[in-house]
Every structure is written in structure tokens, then in C-alpha cells.
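Open the model in your viewer and keep the sequence panel beside it. The stops below are given in the order in which to select them.

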Amino acid sequence: MACIVVLTAPAAFSQRISEATKDDLKEAIRLTRANELKKSEAILQTIVHSAPGFAKARTELAFNLTKQRRFVDAYDMVLSVLDKDKEDSRALSVLGAILLSSGRLREARAIVYRALDLDRSEHLAWACLGMLDYYDNDVDQALNSLKQAIYLAPREPDYYFSLAQASVRADRYKDAATAYDRFLATSGVMDVDRRDRIRGLISFLRYLGERPSLYDAGGSSETTFKFELTNNLPVIQVYLNGREKPFRFVIDTGSGMTVLSQKAANELGMKEVARGGNGRGVGGDGKFAIVYGFLDEIRMGEVSVHNVPVYLREIKSRHNVDGYLGLAVISKYFFTIDYGTSTVLLSKEDKADIFSKENVQHTLPLRLTPSGFLSGEVGVAGIEAELNFIVDTAASVSVISDNVAAAETIKKYLSDQRYKVVGSAGEVVDVPSFLLPRVTFGKNFRAPLLAVALDLDVINETSGFEQAGILGGNFLKNYRVAFDFKRSRVKLTPIANEDLPE
């Protein structure tokens, strides 16, 4: 789906549209807003078929298809409008939303700017701009743009949802709870689990809003400690709530919040502070109850982080782990995980000048999604465009989505080996695997690289933009990986000379 759009001079559709057809369009827009997407699509398809010159119906059908994540159909539909009128600001806004949701963020920004240049009242363009700023770590600007979108279109529930996510990122928990409340009040059809999840989240956010502070870093300004690499997973010892006994945690850059096992919570005498709904995850079709807790302290080496929100969950693991250490904790530091020496470095300052101006050309940008994933652009041999992959130290093996696995250029790399994948939602057996001839992340590559194919729809429903895979431990274990979370960047240094780029 190339984004080379050749737009002709404005030439409005000349077909006369009846009042009844206009009324049908209004009803379809209402149904789209209420999340009754299939009903809305049926009306829009009928209008487009009977009145092919009705540009607004085509544009709204493209937007509907975008919300259903049918990006190719949506793209073709909106281009049929822009081919006739390159200055249709609503159509440009929808095109920006398509590019944003499908993960083509740089292209999306240019289109959104164009829409706003033509019409500053395009609320969808403001909402898209807000999320683009969010992904680029400009949270204050994201909040401003999302508030502008809500001011222009106060009945659009999606804008409140995005504002809530950005408010959480800005540590404005009471504001986030209010925005989620407004989302529930304005949204339409929704499954019971999702509504319960949001209600539970609102309760948790209000609890956090009453805390004087969260994620307070203490102890030394720098510490180094060892980790154990188990099935490509880095496992460290942490100390919780002042207890002398260590707990085993996996370092998890694929999760925003820390996860604590229910067994460990019981041992600590912890009580839940909120709950609501059931979650789903990669690695099975099961569900798990969403339960929130609160740790007073996590100590790692000579540093500690106080007042830490956590998920409480039953953890199924063959490696006897008590939890997963999420980004919200480790992002308080410059974080380096050296798979060559099996050491972790946490530092308040970049004393080793890993991210100095001299090394800037070797650093790679990352984007933090609303669901707490770190996403980077990865190249896969056989796929022309770079793809968005989650950088996940807690994934033992790399993953490609079912959609990538279905590409004709990838099918030929199907391996005879099948795997069992264990995840937060249970396990999947007989998972197909692929021996990809070359996978690149910046100038770093593995050739070949084993990857399993999984359905990533659960991730993509919440990530904000399309994720095509997961860069897991079988790739990362060949490097010293340094993260600068404040500036959303990472640097990989090969451990062995043969891993150096050609």
C-alpha cells in the first residue's frame, strides 16, 4: 500500500444527492460514533453503490473501515475522494488516521499537517496529531492537541479515550479517570468485559491520584548487578517491601506496568486496591482477571523505587519467577542490559556517554505505545517496507504476526518445527515457525533468525498503531542493549565481531 498519492486539481463530484440519502449518511455517522461499525458500514456501502459521486459517504466509509482495521480497503476508498479533490480536509484527515493506525507515522504527520493547513477545525486531524506527538514522547503537546479535538467534537468518544491514555503518561491520574468517565458516557456498543476493565481502571486511577507520589527513585545514583539468562529471559533478584528474601523477576521491556504473582502478593500480605474485567494476552485464548495492587518498594542492587503500582496475576512459568519488572520502574534510569557479561546497569546519568553526540548515529528511535510497549522499526528480508516491532526482553523468541507470515515472500521460509508458546493468556500449541533469512534493527542484524507466527490482534487493538512482530530474546541476546527512555532511543552494541554490520 504505497503512499504515493497523485492528486489532481479540485473537481467536485457533480451528482445530486437526495435529502433521504443525506439522512442515511447522518445515521451511518451516528452508528460509527456508537461503535456499531457493521451496521454503519452496511448503510455506507449502500449509499456508495447508489450514489458513487457522493464524496462524503466515501470518506466516512473509509473512516469506518479504518476503525475496523481494514486499512487497504480504507486507503483505496479515501484515495477515490482525494483523486477528485486534493483539498478535501476531512478526506485528508481520514487518510492521516489510516496511515497512523497502520504504523506509517512519518507519512501520517505530513498528511495531518496538510489537513490542518486547509481547515483548523478538522477535529480528526487534531486527534491524530495528538497521538503522533504522544508516540514521539511530546506528551504536553499531545494533551493540547487532544483537548483541541474534544473542544471541536465533544461527542467523539475516541478522543476522550486517547486523552485518558496521554494523561496517564503525564502522571495526571485524576484527569485520566475523568477522561475515561467521559469515554464511558459518550461511547456506544461495548462488550461487558471492556466496560468493566475501564471501570476498574478508573477506580485504580482515582486511588493513584490520592497518592502523594509514584515511582520515587532512591538509593545510589548507579548500580550494577548480575542477571541469569534462562531460555533467553533475563531474570534478576529483587527485594520487595523491605523483605530480606529475594524474589525472581524477569526484566520486561514489553510491559508498561510491573506484574507481581498472586503467590508473591500473598506472601507479602498485599491486598488488591482495585479490580475490573478480564484481560487477554498473546499466547492463548484464555482470559485473566485484572487486579491492581501497590508495592511500597522494589530494590535492585543498590537502587530502589518506591510507591509502585502493579498488576496482581497468576503467573504460569517453567522458570519459577515471581513477577515481571515493567518499563515504568526501569525507565527512571538509563538502563543497559549486557547479554555478554550477564549484567544490568542502572544509572541516573549517562556516565559512559553511550548516547553522546559522537555515538548518536548508532542510536535508534523508539516509540512508547499507549499500552506500554516499546516499538522500533525492523527490517525483514522479503518485506520491502520497515515494520513496527515491539522490543521485548521478556519474549524468549521473536515473533511475526499472522499477516506477515501470510505474505508470499515469507511463506517460503516456513520451518518444519512447531512450538508451544506460553503467554499471559495461556498457551498455544503447534505454533508455526519461520527461519527468516535476515532481520535488521538499524545496522544490527541476525541472519538467519527464528520467529514464530502469532495472532497479534490483541496487541494491535490497544497499541494505537499496527505492530507486525516482536523482537525477542533470540535477537537481543547477541548485544549490549542500552535504553534512554526519556528520549525514547536505544543503542545496540554487538557482542561478537561477526555480528558487526557489513
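Start with Gln165, which is buried at 13% relative accessibility (buried means under 20% relative accessible area, exposed over 50%, partly exposed in between, with a 1.4 Å probe and protein chains only). Gln165 sits in helix α9; helices (H or I, at least four residues) and strands (E, at least two) are DSSP runs, numbered from the N terminus. Show its contacts, where contact means heavy atoms within 4.5 Å: beyond four places in sequence, Gln165 touches Met131, Tyr134, Tyr180, Pro370 and Thr462.

Before going on, note that this is a predicted model, in which local features need pLDDT of at least 70 and side-chain atom pairs count only at pLDDT 80 or more, while totals for chains, interfaces and linings use all residues. Residues are numbered from 1 along each chain as its sequence is written, and side-chain values use heavy atoms, with hydrogens and water left out.

**Helix α9, continued**

Select Tyr160 in helix α9, which spans residues 157–169. Tyr160 is buried, because its relative accessibility is 7%. Its side chain comes to 2.8 Å from the backbone oxygen of Pro154, a polar contact (a pair of N or O atoms within 3.5 Å; within protein, one must be able to donate a hydrogen and the other to accept it, and residues adjacent in sequence count only if both atoms are side-chain atoms). Leaving out residues up to four places away in sequence, Tyr160 touches Pro154 and also Ile150, Ala179, Arg182, Phe183 and Thr186. For a distance across the model, pick the C-alpha atoms of Tyr160 and Val72: they are 27 Å apart in space and 88 residues apart in sequence.

**Helix α7 and the cores**

Next select Gly130, in helix α7. Gly130 counts as buried because its relative accessible area is 0%. Its contacts beyond four places in sequence are Ala142, Ser145 and Leu146. From Gly130 to Ala166, 36 residues away in sequence, the C-alpha distance is 8.9 Å.

Now display the largest nonpolar core, which has 143 residues; such a core is a set of buried Ala, Val, Leu, Ile, Met, Phe, Trp, Tyr and Cys residues joined through side-chain atoms within 4.5 Å. Helix α7 (residues 123–135) supplies the largest share of this core, 10 residues. Leu260, Met300, Ile400 and Phe441 have the most contacts inside the core. Centre on Leu260: its contacts beyond four places in sequence include Leu240, Phe249, Met270, Leu295 and Ile315, as well as Arg313 and Asp322. Another core, of 13 residues, lies apart from the largest one and has Phe373, Val431, Leu456 and Ile470 among its members.

**The cavity**

Which residues line the largest cavity? Select Ser331, Lys332, Tyr333, Phe334, Lys348, Asp484, Phe485 and Lys486. On a 1 Å grid over the protein atoms alone, a cavity is a set of points where a 1.4 Å probe fits but cannot get out, and lining residues have an atom within 4 Å of a point. The search of the whole structure finds 1 cavity of 30 Å³ or more. The largest cavity holds about 50 Å³ of space, a volume being the space filled by probe spheres set on grid points that are joined across faces, edges and corners. Its lining has 3 nonpolar, 1 polar and 4 charged residues; Ala, Val, Leu, Ile, Met, Phe, Trp, Tyr, Cys and Pro count as nonpolar, Asp, Glu, Lys and Arg as charged, and the others, Gly among them, as polar.

**Loops and backbone**

Select Thr341, in the loop between β11 (334–338) and β12 (343–347). Thr341 is partly exposed, at 39% relative accessible area. Its side chain makes a polar contact of 2.7 Å with the side chain of Thr343. The C-alpha atom of Arg480, 139 residues away along the chain, lies 8.8 Å from that of Thr341.

Most residues other than glycine have a negative phi, and most peptide bonds are trans. Tyr215, between α11 (192–209) and β1 (216–219), has a positive phi near 55°. Ser488, in the loop between β24 (479–484) and β25 (489–494), also has a positive phi, of about 55°. Tyr215 is buried at 11% relative accessibility, and Ser488 is buried at 12% relative accessible area.

Finish at the peptide bond between Ala447 and Pro448, which is cis, with omega about 0°. Pro448 lies in the loop between β21 (444–446) and β22 (449–454).

Notes. 1 Å grid on protein atoms, 1.4 Å probe; cavity = no way out; pocket = protein on both sides within 12 Å on 5 of 7 lines; lining within 4 Å.
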